[in-house]
Amino acid sequence: MSLPYFKTASYYNLFSGILAKDGASLPGASIVVKGSDRGTSANSTGDFTISAPTNATLVVSFIGYKPQEIAVGNQTSFDISLEEDASILSEVIVTALGITREKKALGYSVQEVSGKQMTQARTTNFVNALSGKIAGVQVTGSNGAPGASSRILIRGASSIGSNNQPLFVVDGIPIDNGNYGSGTGVDYGNGAASINPDDIENVSVLKGPSAAALYGSRGANGVILITTKSGKGSKGIGVSVNTNTAFDTPFRQPEWQNEYGQGNKDLFSFVDGTGKGVNDGVDESWGPKMDGRLLPQFDSPVAADGTRTPTPFIPHPDNVNQFFQTGKTYTNNIAITGGNEKGDFRLSFTDLKQSGILPNTDCKRRTVSLNAGWNLTKKLSIRATGNYVVDGSDNRTNWGLYFIWFGRQVDMEKLQTYQAPGSIYQNNWNYNYWTNPYYVLNLSTKYNKRDRVYGNLAATYKFNNWLTLTARSGTDVYIDRRKTKNAARIDNLNGAKQYDSYNEEQIFIRESNSDFLLSATHKFGDFDVAANVGANHRTNYYQRNYMGATELAIPRVWNLGNSRQAKVAENSFTQKEVNSVYAAANIGFRNYLFVDVTARNDWSSALPSNNRSYFYPSAAVSAVLTDMFNLNSTVLSFAKLRAGIARVGNDTDAYRLIQAYKYENPWGSTPSLSKNNAMLNSTLKPELTNSYEIGAEIKLWRNRVGLDVTYYDKESFNQILDVNISQSSGFNSKLLNAGRLQNKGIEVQLSATPVKVGDFQWDIAVNWARNQNKVIELAEGLTTYTLGTVRGMSIEARVGQPYGTFFGQGFARDPSGNIIYDKSGYPTLNPTRRILGNFTPKWIGGFQNTFSYKGITLSTLIDVKQGGDIFSQTVNIGRYTSVLAETVVGRETGIVGNGVVNTGTATEPVYVPNATKISSEEWHKKYYALTNNEATIFDGSYVKLREVKLSYTFSGQVFKKLPFRDLTISAVGRNLLLLRSNVPHIDPETSYYNDGNLQGIENGQIPTTRTVGFNVSFNL
């Protein structure tokens, strides 16, 4: 069909009908200007309008049909007929080593996420954007601090004592995802957080060892493949702009009690906040009722003789909420693309500025990205990608426990004057235990600045139409400079002089990879063969330089030369090399039966010479049944079966084979050295993981419904563990190969278009994954391996249990499960420690709905985790200290604990209901004793409204006389609602211990955030 058109500058509006072979229209078909972000969709009658330069190429595509490329030229209207493709030949995906494959040929599970999904409802750490979108992928954010770490796990934990996160690969080159030097006091962010979402074209998640076998040692945990945007296919110069503004508020705050204030046993009177008054050194709220009675308080007027005038003792219900501020994030990106038959480029600049919900905390990141290619000759081409990232913060801090040891009468506004009158030291409500938070955030700052460069240079030579050689070298290098200030809280504590302290630290990281890949493709009758042979050389280098002044001579002069004591200096470095060769062959028979085989051998410098070499193969097969048996059906569009098997190896960190001395603080002027407390092992073997998976994929009713199901089983053995041994040996632990860990599970992906009427379309995408994790064995005579401890409770890998078992002390109970109370009315504890829970979830899933009508799109994402326990210090301590709402119960009348009392003997017990009443303070402190681990372990299941995006794309008619094109405005939100949770007061999706293996612990840290904002994007 042909319609009138108009001309603006060098752009034309094009009108066209898109037709299938039978003449039926294809509403929703995609039309994109090749090499740009400009695109649109066909309406209910198959018509579309799009702006494009006269020398552009349109790419027209629709699921189930072969795409077409159409040169615009002098045409102004088009009649296009798409050819049906029941086998979905055009659906390709990026796999290991950056090789693009038809998805139907893969014998393993791979999922993709587009870059567009990363930039609308964006997060500072792009890893969080994967949550709920990919089956079998679990993402856990550590807290709501700017630039905080996130942990990502694919198909459960594969290693008991080593890293379990996947390998991140950007444009074919692995990058570092470490979290060096981050502790419980400060989170410097994981390495992948530096990746800029605006530069991401798409993300491919290789889930199992079969998919990641070619990536070697670090592929056992899966691989996150990131392809960045380029200028490929561009004609001339184009400019795209994306700007985002977001606002953060605490996602969930505890419900505080506002009836009783600071003190113990209903008594309180402030003198100096250290105990010289009546319970004024106490940091609990078991004090008097806040009924307006007059009491001396920390902010009461002080007379000349030092006495305090009593003031009304009243609650400040919003004191905590008022302390947190609205965080703001501003992200602006501009990208210039260009290209012709000789080459292409994309140059991008992104500026991110974020202020946190804690006062005086922030995160800043500026990214310059270049992706450029050039065809030197018809056979030789080169491509370079480079990213320069400067990120950091004037103040990073974590936050633990402050408001759950608190006086509920405290007016936080009075603490904003954080220095006492006439003093450089703090003004506070308690001087025994706590520092005024404004004092900490303004004077005890944690600064860092990280300069990072990562990218690669690749050259490709095409010998002929079937043989290609690619050589590539890339690096990821950064320097992180840190300055930590610690201001003394008070001048003297218990008669001892207090001093400020200060330290500077520099961490240098470099990973370099050089590789080549020789690729050949050929057709032999009914067989299509693709073969690849390659090799890789990798080096990893780490260096840390630290110098600290434990006492500053002049307060607040933050300089190492101001140290009044000998400065503490530390220096360390490690270096590791891995050499690899690998090969892969892909054989297709009549384009419906496919066989893949891979083989790789690594040589690691971290292993002893006789165990340094380790080999691992993989094999996979897939069969497209609809093509194989010529199943032509209006119901069944596509059916495929697949299976794969693989072995993957894993080495260890450098310098774990033989003992070496390390330097400690000197003894006067004499250097001091010490040996490692771990007994190292010169006969270590590599960890190995065996896995297999089977799967099926079907599409129904011309791809209106799609189902993908995978079953997998992987088992890791020869685990490298640092196990505790008797200290009489002279060591605390011993490094050895031991342990076997199993993961098996099911993954389901369902997609459907339930409604497609006129311009309205409703799409759904569901993913669900159940992973069963089990520790099969450890070393001989060893039944548990401790990952960490909290409040006397250990988090363990325990034989016969899932990874991450909580093992600690709990209530004493009678045979019926009732808590046993003593004759004084106090609950008792069982002296025998036992299993109390586990942080590994039973299953995870996501449910996404997308509604579109003309230029309007509404998308929602529900994120679900079922099972997996969490130990909450907020609940535990908040009830112990009476700051939480439920602790007002029984404050006037006392409490009779629900349980039984043994009126018989220990050998012949007789249990009767407990009837002894005790004070609420006594009961809570006994029931929530800090050594009682059982009382505050909760089921960490949740259902969250993770994302909501509402966007509108303006038609070309609106801005026909302006340079704007493809203008899209979006309102977005993340972490909007907690629809279901069994944990009171806190967000169950949190972890205090950053992105390591120690999970399931909440420690009153910075709350996670709810984000709402706006996104605007357009092209010029």
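**Figure 1. Salt bridge between Lys364 and Asp362.** Asp362 is a buried residue, with a relative accessible area of 14%. In this predicted model, the side chain of Asp362 meets that of Lys364 in a salt bridge, with an N to O distance of 3.9 Å. The cut-off for such a pair is 4 Å between a side-chain nitrogen of Lys or Arg and a carboxyl oxygen of Asp or Glu, so the distance of 3.9 Å in this pair is within the limit. Side chains of opposite charge can pair when their charged atoms come close.

Figure 2. The structure as a whole holds 44 salt bridges.

**Figure 3. Salt bridge between Glu284 and Lys925.** The closest N and O atoms of Glu284 and Lys925 are 2.7 Å apart, and the two residues form a salt bridge. Glu284 belongs to the loop between β18 (236-250) and β19 (294-295), while Lys925 is part of helix α8 (residues 920-927); the pair therefore ties together parts that are 641 residues apart in sequence. Glu284 counts as buried, because its relative accessibility is 8% and the limit for a buried residue is under 20%. Lys925, at 21% relative accessibility, counts as partly exposed.

**Figure 4. Salt bridge between Lys414 and Asp299.** A salt bridge joins the side chains of Lys414 and Asp299, at 3.5 Å from N to O. Lys414 is located in helix α4 (residues 412-415) and Asp299 in the loop between β19 and β20 (311-312), so this contact ties together parts that are 115 residues apart in sequence. Both partners are partly exposed: the relative accessible area is 40% for Lys414 and 26% for Asp299.

Figure 5. Ile237, Ile334, Ile336, Leu347, Phe349, Val368, Leu370, Tyr388 and Val453 make a nonpolar surface patch of about 730 Å². At least two residues of the patch are supplied by each of three strands, namely β21 (327-340), β22 (343-355) and β23 (362-375). Phe349, one of the patch residues, is found in strand β22. Phe349 has a relative accessible area of 35% and is thus partly exposed.

**Figure 6. An open sheet of five strands.** The strands of this open sheet follow the order β11-β16-β17-β14-β15, and their pairing is mixed. At the edges are β11 (110-114) and β15 (173-175), each of which pairs on one side only. On average, neighbouring strands of the sheet are turned by 25 degrees against each other, direction ignored. Within the sheet, β14 (residues 167-170) pairs with β17 (residues 223-228) in the parallel sense, over four bridges. Val169 stands opposite Leu225 in β17. Strands of a sheet pair through backbone hydrogen bonds, either parallel or antiparallel.

**Figure 7. An open sheet of three strands.** Three strands in the order β37-β41-β40 form an open sheet with mixed pairing. The edge strands are β37 (678-679) and β40 (720-724), and each of them pairs on one side only. Between β40 and β41 (residues 733-737) the pairing is antiparallel and extends over five bridges. Val723 has Lys734 in β41 as its bridge partner.

Figure 8. Leu631 is found in the loop between α6 (625-628) and β34 (636-650). The relative accessible area of Leu631 is 38%, and the residue is accordingly partly exposed. From C-alpha to C-alpha, Leu631 and Arg155 are 34 Å apart in space, and 476 residues separate them in sequence.

**Figure 9. The chain from which the close-ups are taken.** The protein chain has eight helices and 60 strands. Its C-alpha trace spans about 95 × 70 × 70 Å along the principal axes. The radius of gyration of the protein chain is 32 Å, which agrees with the value near 31 Å that a compact globule of 1020 residues would have. Of the 1020 residues in the protein chain, 55% are buried.

Methods: Residues are numbered from 1 along each chain as its sequence is written. This is a predicted model: local features need pLDDT of at least 70, side-chain atom pairs count only at pLDDT 80 or more; totals for chains, interfaces and linings use all residues. Side-chain values use heavy atoms; hydrogens and water are left out. Two strands pair if DSSP finds at least two bridges between them. Patches are made of residues with over 30% relative accessible area and no salt bridge: like charges are joined within 9 Å, nonpolar side chains (Val, Leu, Ile, Met, Phe, Trp, Tyr) within 5 Å. Accessible areas come from the Shrake-Rupley method with a 1.4 Å probe; for residues, only the protein chains shown count as cover. Buried means under 20% relative accessible area, exposed over 50%, partly exposed in between (1.4 Å probe, protein chains only). Axes are lines fitted to C-alpha atoms, for helices over the stretch in contact, and angles run from 0 to 180 degrees between N-to-C directions. The radius of gyration is taken over C-alpha atoms; the globule rule is 2.2 Å times the number of residues to the power 0.38.
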